[in-house]
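Subject: Structure handover

Hello,

Here is the structure we talked about. Please look through it, then read my notes below.

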Amino acid sequence: MPLPSHLLPALVLFLGHLAVNLPAAGSSGWAWVPNHCRSPGQAVCNFVCDCRDCSDEAQCGYHGASPTLGAPFACDFEQDPCGWRDISTSGYSWLRDRAGAALEGPGPHSDHTLGTDLGWYMAVGTHRGKEASTAALRSPTLREAASSCKLRLWYHAASGDVAELRVELIHGAETLTLWQSTGPWGPGWQELAVTTGRIRGDFRVTFSATRNATHRGAVALDDLEFWDCGLPTPQANCPLGHHHCQNKVCVEPQQLCDGEDNCGDLSDENPLTCGRHIATDFETGLGPWNRSEGWSWNHRAGGPERPSWPRRDHSRNSAQGSFLVSVAEPGTPAILSSPEFQASGTSNCSLVFYQYLRGSEAGCLQLFLQTLGPSAPRAPVLLRRRRGELGTAWVRDRVDIQSAHPFQILLAGQTGPGGVVGLDDLILSDHCRPVSEVSTLQPLPPGPRAPAPQPLPPSSRLQDSCKQGHLACGDLCVPPEQLCDFEEQCAGGEDEQACGTTDFESPEAGGWEDASVGRLQWRRVSAQESQGSSAAAAGHFLSLQRAWGQLGAEARVLTPLLGPSGPSCELHLAYYLQSQPREVSCNFERDTCSWYPGHLSDTHWRWVESRGPDHDHTTGQGHFVLLDPTDPLAWGHSAHLLSRPQVPAAPMECLSFWYHLHGPQIGTLRLAMRREGEETHLWSRSGTQGNRWHEAWATLSHQPGSHAQYQLLFEGLRDGYHGTMALDDVAVRPGPCWAPNYCSFEDSDCGFSPGGQGLWRRQANASGHAAWGPPTDHTTETAQGHYMVVDTSPDALPRGQTASLTSKEHRPLAQPACLTFWYHGSLRSPGTLRVYLEERGKHQVLSLSAHGGLAWRLGSVDVQAERAWRVPVILSLACVAGATWPGPAWADTAGTGAGEPPPLVTPSPLWTTPWAQRQIVFEATLGGQPALGPIALDDVEYLAGQHCQQPAPSPGNTAAPGSLPAVVGSALLLLMLLVLLGLGGRRWLQKRGSCPFQSNTEVTAPGFDNILFNADGVTLPASVTSDP
């Protein structure tokens, strides 16, 4: 029924609204919209792909985003400047160029993205002017950065060549300095990460370099990335327990009333939800908190005279905001105390606070709980400690307190020279109920590293005369640079204590300190605490725990400053990984499943998305894992990709995978299995295999009934930097792998196993001195080709015995197939090759004379199925001794390339019946005379779904019963012709001085290689492959 015309506009509006507001199925960060959409102005450059092709985020300082959730919005400057433009007002300016842009300066010799001189970056060249000038590079207009937004980039500035580098954020009328440095800078590319904080509305980022008369100013910039900058997208429904904001965004319950705009519309911080919380932002004072000497209420951000101080507060993310800072020295911490709170009972009194530690490794912020008893306050208990350098960001933390007695919270800050400790946005939950009277506080105990008060021996009084930062031991004052330098200066080794060596039994944990700023942290725990109170476990260790930080996802734990060290310095540690079992089978579309990269080298496998010619195997537009030693540039020669430990599902399992090896210096890809400390080699491939995907298989063998876990390992061994490796579509199934439908013996024996005395062996004639075997193979027509050869001498193979070669089971055939093979004879007494079908006895289906000269000949036989096969077919190659056997016979895929067109031999069809196991047997037999030439087999192949090509019969080919005299006469004439040709050929061979198949024959010149190289890459001809 046609739609009424007056309803059409309404339907269009409804569908447009639906397309913009419905979220993608199963996604929490993507909204479905029609392709080539037109986003409203406020949705452009907001770090969220409102269009399916992310076109609304093009030219926004980055090349859009990967469809993978959590991937950065990045620009590597390889295609264009991504919308960044130079706004300099002098000749000292930014430009996009390759290595060598600064012709007269110490600029980079390669970019950071590719690690070569072909890569692009933004650079500012040297300038000879005498006046100071600044080159500024500005981003396009960006919109709405989340609180977790982080800008990460790489810069190159030779030490002493630039006066100052600065990263600024322009928001409205205010310019925030995110980072500023006057050096010195290290050699090569340096990484920089800065946080923007929550930005509402439009903003721009500027990277500037300043030079003067003594600094020429060569600087380069590459690989800008915006991480976690997009606001969450609206959702129709939220997970259980989450808060649904007014703008339909979902946030976790712990994000409510935490002082940050997690919803994007401030509805998670509104008075209706957080009215009973006690929040102190220090904008108008200290609120209910009391401070001691050492804490300073700061009304303005730091500047050049105070480089370590915060450049903005957390509450307003502005240089005009206020916060609390401490520059108290160690030994005299500044204390900030809360009011006295009532006993919390069964509820938690939670404190959320934001901390800032920068400028000194001695900086430390500690949080104590002091309970107030009936008579006197008890000793404070340390609940949290943060030590060291946290960068230029305000880091969130939270402490939950449950006390049966009234209590107070104490915050103690101290730092070293040039350092600062800051506090902002202290938020007490509604279960923190103050009381009217406050008891007298007990003095704060010494810090965890300070000795308890006690009478000191006379030698220890030297501490008072040592400079700050020096360690007093005996009669010595050890300077900071000699602490933790792996050489003991003190007689008791005090200068090398707490320097990283530890079993974590001591509370000091060997000096290791957590430096995490995200939602994970490292914490020292007891084994009993980890396994439960009822577990009989002892000891302590570092454990990965949940944290309350808002920046990043990784957890970091650091030692004190160490070194210098020698070239043989090693770190030994024991680690334990526990995770839910995951499948080895993986197409890498959602994630890497159970696979993870090893960390014994700086070369790593990476999970990447298809781009241009680098397409995946699954869909051509999906994901795969890639090993590229130039991205980033790595020095290690190997990289590991490991699976999580797996429990065998069957005594034998088949692992299949697709691999991609391309490039002139690609090296080797190998597969191994680790079990109980032993490593078993399963498969390997070396050299370029062409710019295409190949399938490979390996059988995993386990002890029957064993539940010992195993681990799979892919190892990439590179020969240089020109080449990449890739893996995709890894799968494991129970049972052994099927035998391949084609085997060339070039890379392996394809699972063929020799029977009897095991006389078959795989060899190549590359040296030209093999005792027996053709000088070249058939697959590559070169002397480097491999084949199988068997020793048929009387000592090795007595008369009447056989030497068999049996394949693995083949996949059942549901369609007719053609079995083809190449066989090779000799000019002298080669014998006969017979093909059998073995079922309760042998049934001969093909008999071939191996006469015919030095050429490979093609034989074929139809394998037909009356019904679908449900059983495997086993292929066996047998060589039976008849009379005297002076030499070997061989089966191979390598040929001589003798130039003689091989004839096609077509026997009768080979019929099979269902549900019965079959063997196909190749049997070489000799007559009564001694064998004077070998017999070879090559290129045994199943061509599924097709019949063998029969030669077209010509008229007169069928012999009539009355034509016997004519046949005999023709045979005699042919015999005479063959004798004449043989004599002539023999004389010709004697003149040449060569004899086929002799060990002293010179190496035959290599034939044409089937691997074709061209300017674009490496191309292999299509081969017949099938699932095993």
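Tyr-62 and Phe-73 are both buried. This is a predicted model, so please read everything below as computed from it. The ring centres of Tyr-62 and Phe-73 lie 4.9 Å apart with the planes at 75°, so this pair is edge-to-face. Tyr-62 sits in the loop between α1 and β1, while Phe-73 belongs to strand β1, so the pair ties together parts eleven residues apart in sequence.

Phe-73 has another ring partner, Phe-47. That pair is edge-to-face too, at 6.0 Å centre to centre and 90° between the planes. Phe-47 comes from the loop between α1 (8-21) and β1 (73-75), and Phe-73 from strand β1, so parts 26 residues apart in sequence are tied together. Phe-47 and Phe-73 are both buried.

Which residues do the ring pairs link into a cluster? They are Phe-47, Tyr-62, Phe-73, Phe-203 and Phe-226. The structure holds 18 aromatic pairs.

Phe-226 leads on to the core. Setting aside neighbours within four places in sequence, Phe-226 is in contact with Phe-47, Gly-61, Tyr-62, Pro-72, Phe-73, Trp-84, Leu-142, Lys-150 and Leu-151. Phe-226 is also among the residues with the most contacts inside the largest nonpolar core, along with Trp-94, Tyr-155, Leu-165, Phe-207, Val-219 and Leu-221. That core has 44 residues. Its largest share, five residues, comes from strand β11 (residues 199-211).

Now the disulfides. How many does the structure hold? There are twelve.

Cys-149 and Cys-229 form one of them, with the sulfur atoms 2.0 Å apart. This pair links distant parts of the chain, 80 residues apart. Cys-149 lies in the loop between β6 (142-145) and β7 (150-157). Cys-229 lies in the loop between β12 (219-227) and β13 (243-244). The link of Cys-149 and Cys-229 is right-handed, with 70° about the S-S bond. Both Cys-149 and Cys-229 are buried.

Cys-238 is joined to Cys-250, S to S 1.9 Å. The torsion about the S-S bond of Cys-238 and Cys-250 is about -90°, so this disulfide is left-handed. Cys-238 is in the loop between β12 and β13 and Cys-250 is in strand β14 (residues 250-251), so the pair ties together parts twelve residues apart in sequence. Are the two cysteines buried or partly exposed? Cys-238 has 23% relative accessibility, so it counts as partly exposed. Cys-250 has 18%, so it counts as buried. The cut-off for buried is under 20%.

Cys-473 is joined to Cys-490, S to S 1.9 Å. The torsion about the S-S bond of Cys-473 and Cys-490 is about -80°, so this disulfide is left-handed. Cys-473 lies in strand β26 (residues 471-473) and Cys-490 in the loop between β27 (476-478) and β28 (513-514), so the pair ties together parts 17 residues apart in sequence. Cys-473 is buried, with a relative accessible area of 8%. Cys-490 is buried as well, at 4%.

Next, charges over rings. Arg-398 lies over the face of Trp-548, at 4.5 Å from the ring centre. The charged end of Arg-718 sits over the ring of Tyr-721, 4.2 Å from its centre.

Last, two single residues.

Thr-280 is in strand β15 (residues 278-280). Thr-280 is buried, with a relative accessible area of 5%. Leaving out residues up to four places away in sequence, Thr-280 touches Gly-285, Leu-286, Gly-287, Pro-288, Trp-289, Asp-425 and Leu-426.

Gln-784 lies in the loop between β43 (760-764) and β44 (786-790). Gln-784 counts as partly exposed, at 47% relative accessibility. Neighbours within four places aside, Gln-784 is in contact with Glu-746, Ala-764 and Ala-766. Gln-784 and Gln-763 are 21 residues apart in sequence and 9.3 Å apart in space, C-alpha to C-alpha.

Best wishes

Definitions and conventions:
Residues numbered from 1 in each chain as written. Predicted model: local features only at pLDDT ≥ 70, side-chain atom pairs only at ≥ 80, totals over all residues. Heavy atoms only, no water. Helix = DSSP H or I, 4+ residues; strand = E, 2+ residues; numbered from the N terminus. Buried < 20%, exposed > 50% of the residue type's maximum accessible area, 1.4 Å probe, protein only. Contact = heavy atoms within 4.5 Å. Core = buried A, V, L, I, M, F, W, Y, C linked by side-chain atoms within 4.5 Å. Phe/Tyr/Trp six-rings, centres within 6.5 Å; stacked < 30°, edge-to-face > 60°. Lys NZ or Arg CZ within 6 Å of the ring centre and 35° of its normal. Disulfide = S-S within 2.5 Å.
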